[in-house]
Amino acid sequence: SVNISIEGGKISAFVGHSGAGKSTLLNLIPRFYDPDNGEIKIDNQSIHNVKLKSLRENISIVSQDTTLFDDTVINNIKYANLDATDNEVFEAAELAYATEFISKLKDGYNTVIGENGVRLSGGEKQRLSIARAFLKDSKIILLDEATSSLDAESEEKVQNAIFNLTKNKTTLVIAHRLSTIKKANNIIVMKDGNIVGSGKHDELLKSSKDYESLYSKQVI
């Protein structure tokens with residue numbers, strides 16, 4: 001069983017081998033799945049007592065699998081907030097480190113990016129996803145920080161964008177990089193669907209054999 005309390009406005013990082021239950025746990029929060037028993041509360045209110053639309057309006061998800069449309073860059077970012085002004089879109093793109101590559105596109109913000117952003121690189125797609133999250137300005141950020149497929153330069157830009165995004169937000173991150181883990185206020189170690197340890201990096205190296213093993217094998 002999993003019994004956990006997440007502090008508001010802070011970063012909680014989840015680590016563990018593939019299949020440990022990290023993604024399942026994250027997917028319970030926007031109710032992509034519902035738990036068989038027990039409940040999930042946000043601000044002491046069960047997420048099953050609020051409308052799904054209202055719940056998801058307060059959550060932004062950034063993952064490797066960004067859904068993009070065969071439309072312009074600006075419309076793809078605006079998808080997160082259809083009432084946003086162009087200036088708000090430009091500001092979101094700036095914070096997401098996306099302005100640099102958008103400015104090099106043939107028609108800038110009016111460039112059509114193809115089905116699922118086929119004309120963009122992996123790092124560019126992720127930065128558009130982060131720009132959307134800025135525009136949505138939700139209080140909770142769910143982050144599957146899988147940047148392993150990106151080259152070093154793209155990864156650094158995505159990491160900087162993520163750092164901007166998560167400032168003062170309640171952030172739950174499936175962490176793959178040590179730099180993210182060290183920035184986390186709390187690290188939660190998962191194994192076989194259970195929580196087997198929590199704390200800061202230095203504490204866990206001493207107190208958790210599972211964490212020490214993940215660290216030594218460079219799974220994190």
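**Questions and answers on a predicted protein model**

Me: How does the radius of gyration of the protein agree with that of a compact globule?
Reply: The model is a predicted one. For 220 residues, a compact globule would have a radius of gyration near 17 Å. The protein agrees with this, because its own value is 18 Å.

Me: What does the C-alpha trace of the protein span along its principal axes?
Reply: The secondary structure comprises 10 helices and eight strands. Along the principal axes, the C-alpha trace of the protein spans about 55 × 40 × 30 Å.

Me: What share of the contacts in the protein with a separation of 6 or more is between residues 24 or more positions apart?
Reply: The contacts considered here are those with a separation of 6 or more in the protein. Of these, residues 24 or more positions apart account for 68%.

Me: Is Tyr-79 buried or exposed?
Reply: Tyr-79 lies in the loop between helix H3 (73-78) and helix H4 (86-95). Leaving aside neighbours within four places in sequence, Tyr-79 is in contact with Phe-69 and Arg-132. The cut-off for an exposed residue is over 50% relative accessible area. Because its relative accessibility is 51%, Tyr-79 counts as exposed.

Me: Is Ala-84 buried or exposed?
Reply: Ala-84 also has its place in the loop between H3 and H4. A residue is buried when its relative accessible area is under 20%. Ala-84 has a relative accessible area of 5%, and therefore it is buried.

Me: How many residues apart in sequence are Ala-84 and Leu-135?
Reply: Not counting residues up to four places away in sequence, Ala-84 touches Lys-78, Val-89 and Leu-135. From C-alpha to C-alpha, Ala-84 and Leu-135 are 7.5 Å apart in space. Their separation in sequence is 51 residues.

Me: How far apart are the mean positions of the positive and negative charges of the protein?
Reply: The protein has 27 positive and 30 negative charges. The distance between the mean positions of these two sets is 3 Å.

Terms used:
Residues are numbered from 1 along each chain as its sequence is written. This is a predicted model: local features need pLDDT of at least 70, side-chain atom pairs count only at pLDDT 80 or more; totals for chains, interfaces and linings use all residues. Side-chain values use heavy atoms; hydrogens and water are left out. Helices (H or I, at least four residues) and strands (E, at least two) are DSSP runs, numbered from the N terminus. The radius of gyration is taken over C-alpha atoms; the globule rule is 2.2 Å times the number of residues to the power 0.38. Contact means heavy atoms within 4.5 Å. Lys and Arg count as positive and Asp and Glu as negative; His and the chain ends are not counted. The place of a charge is taken as NZ of Lys, CZ of Arg, CG of Asp or CD of Glu. Buried means under 20% relative accessible area, exposed over 50%, partly exposed in between (1.4 Å probe, protein chains only).
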